[in-house]
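Here is a short report on rings and strands. Keep the structure in view as you read.

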Amino acid sequence: MFIAMNRFKISKGSEESFERVWRERNSYLSEVPGFESFALLKGPEHQDHVLYASHSVWESCKAFEAWVESDSFRKAHAQRAATKGIYLEHPKLELFETVVH
């Protein structure tokens, strides 16, 4: 199992807009071999932002890498304009290989 997470610092007051974009967007993930599941997680509130993380589970690192190189990835990420102005900084990608499951 392989997990890809992006951490987002979202400006306070923009939480509803950010969540709506993720609910309404087409991720195209179901079209990609090796994709297992996705979740958007809401974390702690800080002085100037709320922390979120996207969490996708893949059967392998190779499956995730194939998605990053796919047309599905490009189509999903073409929708980013809808979130313009609500990020405090660029999302931080974190990748994890399963050690114990």
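## Rings that pair

Start with a rule. Two rings of Phe, Tyr or Trp pair if their centres lie within 6.5 Å; for Trp, the six-membered ring is used. This model is predicted. The rule gives 13 aromatic pairs here.

Take Phe35 and Trp58. Their ring centres are 5.4 Å apart, and their planes meet at 70°. Planes over 60 degrees apart count as edge-to-face, so this pair is edge-to-face. The two residues come from distant parts of the chain, 23 residues apart. Phe35 sits in strand 2 (residues 35-45), and Trp58 sits in strand 3 (residues 49-58).

Are the two partners buried or exposed? Phe35 is partly exposed, with a relative accessible area of 24%. Trp58 is buried, at 0%.

Arg25 lies over the face of Trp22, 4.4 Å from the ring centre.

## The sheet

Strands of a sheet pair through backbone hydrogen bonds, either parallel or antiparallel. Which sense does this sheet use? Its pairing is antiparallel. The sheet is open, has four strands and runs in the order 2-3-1-4. Strand 2 and strand 4 (92-97) are the edge strands, and each pairs on one side only. From one strand to the next, the twist averages 20°.

Now look at strand 2 and strand 3. Eight bridges join them in the antiparallel sense. Leu40 has Ser54 in strand 3 as its bridge partner.

Key. Residues are numbered from 1 along each chain as its sequence is written. This is a predicted model: local features need pLDDT of at least 70, side-chain atom pairs count only at pLDDT 80 or more; totals for chains, interfaces and linings use all residues. Side-chain values use heavy atoms; hydrogens and water are left out. Rings of Phe, Tyr and Trp (its six-membered ring) pair if their centres lie within 6.5 Å; planes under 30 degrees apart count as stacked, over 60 as edge-to-face and the rest as tilted. Buried means under 20% relative accessible area, exposed over 50%, partly exposed in between (1.4 Å probe, protein chains only). A charge sits over a ring if NZ of Lys or CZ of Arg is within 6 Å of the ring centre and within 35 degrees of the ring normal. Two strands pair if DSSP finds at least two bridges between them. Axes are lines fitted to C-alpha atoms, for helices over the stretch in contact, and angles run from 0 to 180 degrees between N-to-C directions.
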